Amino acid sequence: MFNIRAKMNTVYSRILIFNILLVIIISLVPQVLYIHYFSTAYNEEIMRQSTQDVNKLKYAVDETILDRVIRLVNIYFSDIPSNEILAYPLTHDISGNGFKIAEVSNYLTDIPYKLNFLQSVEVWYTAGNVYINDKYNSYLDSASSRKSLDDAWIDVLRNQETPNRWLAPRISMPLNMPVITYLSNIPLIDKISNRQAVVAINIKESAIHNLIQSSPTDGEVLFILDEAGNVLVHSDKQWIGHNFNQKDYIQTLLQTDDGTFESSVEGVQSVVSYSKSKYNNWKYVSVISIDKLYQKSQQLTHYLIITTIILLTVSLLLSIYVTHRANKPLRRVIQTILNLGNAEGQLEKGTKSEYTLLHNVIDRVSKTIHDLHHQMEANKPIIRDKFIMRLLQGDMDQNDPQVEHMEQMLDIQFHQNKTACMALKIYDTEGTGLGNEMIVPYSMLHNLEAQEEYWLCSTIDNAGNIVAILNYSKAIDKEEICSSIGAQIKGKYVLGFGQEYEHSYANIARSYTEACECLNYAFIMPAQSLIVYEELAITSRKEFGSGLQIMEQLSAAVRSRNKDMVGSILDILLKGLVSGRYHIDFCRNTVFDAISVIRTTAIAMDIDLERFLGYDIRDYGRKLDNVASLTDWLSEVAVQIMDYHTADINNDPGSALERQIMAYIEQNIYNEISLSSLSEGIHMNSSYVSRIYKSVMGSNFSEHLAGIKMKHAESLLRESDLSIKDIAEKLGYTSPRYFAKLFKEKFGFTPKSYRDSLGG
């Protein structure tokens with residue numbers, strides 16, 4: 001007994017020493033390596049941090065200011081109806097038209113209200129030699145008007161020879177405010193001799209300075225240079241306008257677009273990071289002292305060393321405790337093993353129960369392994385289906401050894417050199433019973449899998465289609481396969497074949513995608529049971545067509561209750577879609593556009609279509625599986641609508657649409673209204689409403705909406721105590737001056753004059 005205990009103590013001591021050494025090696029060595037590599041990585045990271053600060057500043061200035069400034073010229077001076085005020089002088093001399101000049105001046109005043117980083121916008125129009133800004137205007141050919149102008153600044157505009165450029169900071173009059181100016185010719189890319197105007201957009205220097213102030217870390221200096229080394233903006237305002245071109249580190253950064261380097265800056269060894277703007281030649285620069293950068297790195301290294309010592313101590317104590325606890329069951333195991341070697345008489349003296357326990361444990365482990373193997377065999381079909389589905393989705397790595405092992409375990413045999421996928425969609429299985437519906441996918445492929453010419457595995461994908469992967473060497477007869485499937489199925493079905501490829505997992509996924517695409521094209525090929533991807537010639541099909549005109553004709557035919565015309569239009573639509581000229585997405589969208597046109601036309605005719613038919617035609621249309629059925633059904637719906645009689649059948653359907661439009665605008669007059677929101681509110685297509693709006697309401701949308709708003713403005717001036725500014729904001733006008741202009745055009749008085757006349 002003493003010998004056994006001595007042996008156990010020896011084993012315990014050896015295990016304890018081994019565990020302590022193992023903990024030291026596992027804990028200490030990686031920590032030392034980690035500290036070394038951490039210090040290196042952290043130093044690299046803080047170098048990158050300096051670059052990130054520059055990139056954050058670059059993004060903030062480029063995207064929030066420069067990009068919007070450059071696009072502002074296109075937004076406000078392009079030749080579209082909403083820009084008529086600013087675009088008209090580009091081609092017309094307004095030097096003798098004070099009203100037009102005032103209009104332009106007022107419009108320019110509104111722009112800085114929308115972009116708070118702008119100080120002003122100025123324009124010199126070549127037609128008439130007119131200079132206008134948002135504070136005052138002058139005729140340059142008038143001696144009296146020149147007195148208030150800065151001739152030198154006018155010369156800058158006149159002599160703008162490049163398409164665009166950025167000017168160094170200057171003081172803008174009359175507000176005496178420092179600005180950075182962007183000059184742009186109109187048109188931008190034409191010859192200088194064809195120039196129509198020069199636009200000067202003045203950015204508040206303070207706006208960019210605020211972005212710089214919000215970006216730097218402790219001890220970091222940020223500034224912006226132009227290509228000549230002039231300081232445009234600096235986190236320390238005293239340096240703005242200075243030229244840094246003579247400094248050595250500035251010469252270095254001006255030579256490349258971006259980078260990071262160490263250099264002496266004002267006698268201090270520093271890290272300099274810089275990056276060029278993507279909109280001009282500005283350089284965004286960061287300068288930070290090296291001591292500042294590495295101070296925190298040294299502190300973190302000390303913290304890591306202390307943490308390592310603490311963790312090592314805790315690990316050693318835990319190792320001693322765990323070894324002591326683990327020694328108790330280990331003592332029993334060793335005791336049992338020693339007793340097993342003794343004579344049979346020793347077993348009878350007390351070790352028999354321990355031997356039985358060990359035997360029972362081994363027996364349970366063996367039984368568990370057997371049960372797991374049985375469960376694996378029982379679930380193999382499910383695992384096989386999931387494996388095949390992942391192959392179809394391209395979610396398997398062919399070079400993974402585990403995948404090859406799975407193929408062998410699941411009896412999946414890709415031994416031949418060609419592969420292709422086919423997808424089968426079965427229709428009209430309702431009524432056959434749940435059992436038959438479940439049997440069809442598997443019994444249908446039984447004969448195919450028995451073929452020796454090729455090997456096949458199959459599953460059901462997420463869309464409910466039966467999918468098979470074929471692996472073969474000789475050419476396959478697709479017609480024969482289709483006939484074999486047709487002999488097993490009672491009812492309609494469509495079989496789609498992807499292209500044949502050299503066998504690989506990637507090509508399996510590609511062919512599967514093509515087979516599913518064939519099933520999509522069954523929508524416009526209702527008579528075909530076999531669709532082959534190569535024969536679809538998808539790349540030559542058009543993705544767009546001229547369906548807009550036929551939709552207008554369909555709406556007009558339904559409104560006029562011309563059944564023959566409706567039938568003829570839908571027949572033309574059907575023939576065009578099944579002709580093979582168009583992509584399936586265009587065909588589906590065209591059919592559902594026709595459904596929307598029928599629905600919106602019925603609404604315009606004061607017909608509650610859902611109540612009248614008992615269902616929503618949009619939902620019902622999505623259930624029909626081919627274009628022929630859809631157009632036949634849509635023709636029946638159109639006939640029902642045309643046969644529907646309201647209380648007064650001779651009423652103009654346009655009057656119903658007019659009432660809908662007026663009701664929506666009146667209900668939302670104090671909200672933001674657009675043609676899109678109006679169309680959505682009255683459940684009609686926005687492009688259709690845009691085309692018919694003037695014929696229904698008598699004027700275009702913007703003019704009509706402005707007229708209604710002015711009537712409400714007149715009522716508010718007469719019946720409320722709201723200020724003119726509050727009334728303008730209530731009606732959605734951000735500029736009181738523009739609101740007053742519209743009001744005067746409508747009533748001949750300014751809002752103030754009108755309210756004063758009421759008080760009199």
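Tutor: Lys418 and Glu500 form a salt bridge, and their closest N and O atoms are 3.7 Å apart. With a cut-off of 4 Å between a side-chain nitrogen of Lys or Arg and a carboxyl oxygen of Asp or Glu, the pair qualifies because 3.7 Å falls within that limit. The model is a predicted one, and the distances here are computed from its atoms.

Side chains of opposite charge can pair when their charged atoms come close. Arg718 and Glu719 meet through their side chains in a salt bridge, at 3.1 Å from N to O. Glu719 counts as exposed because its relative accessible area is 61%. Arg718, at 39% relative accessibility, counts as partly exposed.

The other example is the salt bridge between the side chains of Lys741 and Glu745, at 3.0 Å from N to O. Both residues lie in helix H27 (residues 736–747), where they are 4 residues apart, about one turn of the helix. Lys741 is buried, its relative accessible area being 16%. The cut-off for buried is under 20%, so the value of 16% places Lys741 in that class. Lys741 and Glu745 also take part in a network of salt bridges that includes Lys100 and Glu103.

Next, the setting in the chain as a whole. The protein chain has 28 helices and 18 strands. Of its 760 residues, 41% count as buried. Among contacts between residues at least 6 apart in sequence, 62% join residues at least 24 apart. The accessible surface comes to about 42,100 Å², and carbon and sulfur atoms account for 53% of this.

Helix packing can be followed at one crossing. The axes of helix H9 (residues 380–392) and helix H14 (residues 505–521) come within 7 Å and cross at roughly 80°. H9 and H14 are therefore roughly perpendicular to each other. On the H9 side the contact is made by Phe387, Met389, Leu391 and Leu392, and on the H14 side by Tyr505, Ile508, Ala509 and Tyr512.

Helix H1 spans residues 2–77 and contains Leu22. A nonpolar surface patch is formed by Ile17, Phe18, Leu21, Leu22, Ile25 and Ile26, which together have about 600 Å² of accessible area. Leu22 itself counts as partly exposed, at 35% relative accessibility. Pro30 also has its place in helix H1, and at 41% relative accessibility Pro30 counts as partly exposed. The C-alpha atoms of Pro30 and Thr308 are separated by 10.0 Å, although the two residues are 278 apart along the chain.

Asn83 lies in the loop between H1 and helix H2 (84–91). At 3% relative accessibility, Asn83 counts as buried. Leaving aside residues up to four places away in sequence, Asn83 touches Asn74, Ile75, Tyr76, Phe77, Ser78 and Tyr107.

The peptide bond from Ile186 to Pro187 is cis, with omega near -5°, and Pro187 is found in the loop between strand E6 (177–186) and strand E7 (197–204). Asn129 has a phi near 55°, a positive value in a residue other than glycine. Asn129 is placed in the loop between strand E1 (118–125) and strand E2 (130–132), and with a relative accessible area of 18% this residue is buried. Glu266 is not a glycine either, yet its phi is positive, at about 55°. Glu266 occupies the loop between strand E10 (258–265) and strand E11 (268–276), where it is exposed, with a relative accessible area of 58%.

Notes:
Residues are numbered from 1 along each chain as its sequence is written. This is a predicted model: local features need pLDDT of at least 70, side-chain atom pairs count only at pLDDT 80 or more; totals for chains, interfaces and linings use all residues. Side-chain values use heavy atoms; hydrogens and water are left out. Patches are made of residues with over 30% relative accessible area and no salt bridge: like charges are joined within 9 Å, nonpolar side chains (Val, Leu, Ile, Met, Phe, Trp, Tyr) within 5 Å. Accessible areas come from the Shrake-Rupley method with a 1.4 Å probe; for residues, only the protein chains shown count as cover. Helices (H or I, at least four residues) and strands (E, at least two) are DSSP runs, numbered from the N terminus. Buried means under 20% relative accessible area, exposed over 50%, partly exposed in between (1.4 Å probe, protein chains only). Axes are lines fitted to C-alpha atoms, for helices over the stretch in contact, and angles run from 0 to 180 degrees between N-to-C directions. Angles under 35 degrees count as roughly parallel, over 145 as roughly antiparallel, 65 to 115 as roughly perpendicular and the rest as oblique. Contact means heavy atoms within 4.5 Å.
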